[in-house]
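Please keep the sequence and the three-dimensional view at hand while reading.

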Amino acid sequence: MKKWLTAAALISTSFGAMSADATQCYTNKYDAYIDASIQWYQDLAQMTTSEYPELDEVSQWFLEGRKHHFELNREAVHYYLSNEPAKVATEQSVETWLQLEQQDVKTLSQRNDKLGQMAAKSFADRQAAPHPQNYELRSAFADLLSHPKKIETALNRYNQSIQKVETIDCK
């Protein structure tokens, strides 16, 4: 009986370590996706302001909002992987692992931890009035994105980063 208990304890410890390893792997994979996404938006903002310098302020406003959104998702995935893994759909493509609706963000914003602080920033962004030059920025994005050669370098960098993320196998 004593040998059986020792074996059971060793097996449960091994499964716990594998679970911790998988959690860390999923965390790293999602972090790589977030980093690639933020870099894409930084590149897009930089390309836009290079061509339309008068849109620098609104580009920075837009970029800050995207960073808040992605950093909230990063923190939420970290939290959920450790505490409520069923809320992270790791069997799907990394872009769809987490689906936070407006109400989810509002609820998270009531927390008194880092996740709550990040949710509060993102929720405030979603509730705020758009920047006065928002339409001009969106038009500039549409123009820029309709010319593949102008965005080729940044888009290739993003696509290569995402391809690398997709090769990470956490199972």
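A disulfide is a pair of cysteine sulfur atoms within 2.5 Å. The model discussed here is predicted, and the structure holds 1 disulfide.

**The disulfide**
- The partners are C25 and C170, whose sulfur atoms lie 2.1 Å apart.
- The link of C25 and C170 is left-handed, with -75° about the S-S bond.
- C25 belongs to helix α1 (residues 2-51) and C170 to the segment after α6 (148-166), so the pair ties together parts that are 145 residues apart in sequence.
- Both C25 and C170 are buried.

**Helices α2 and α4**
- Two packed helices are described by the angle between their axes and the distance between the axes.
- For helix α2 (residues 56-83) and α4, the axes come within 9 Å and cross at roughly 145°.
- The crossing of α2 past α4 is left-handed.
- Residues of α2 in this contact include E64, H68, L72 and Y79, while those of α4 include K114, M118, S122 and R126.
- Sorted by class, the contact of α2 with α4 has 6 nonpolar, 4 polar and 7 charged residues.

**Residue S109**
- S109 is located in the loop between α3 (102-108) and α4 (114-127).
- Is S109 buried or exposed? S109 counts as buried because its relative accessibility is 15%, and buried means under 20%.
- Leaving aside residues up to four places away in sequence, S109 touches G116, A119 and A120.

Notes
Residues are numbered from 1 along each chain as its sequence is written. This is a predicted model: local features need pLDDT of at least 70, side-chain atom pairs count only at pLDDT 80 or more; totals for chains, interfaces and linings use all residues. Side-chain values use heavy atoms; hydrogens and water are left out. Helices (H or I, at least four residues) and strands (E, at least two) are DSSP runs, numbered from the N terminus. Buried means under 20% relative accessible area, exposed over 50%, partly exposed in between (1.4 Å probe, protein chains only). Contact means heavy atoms within 4.5 Å. Axes are lines fitted to C-alpha atoms, for helices over the stretch in contact, and angles run from 0 to 180 degrees between N-to-C directions. A crossing is left-handed if the near helix is turned anticlockwise from the far one by less than a right angle, and right-handed if clockwise. Ala, Val, Leu, Ile, Met, Phe, Trp, Tyr, Cys and Pro count as nonpolar, Asp, Glu, Lys and Arg as charged, and the others, Gly among them, as polar.
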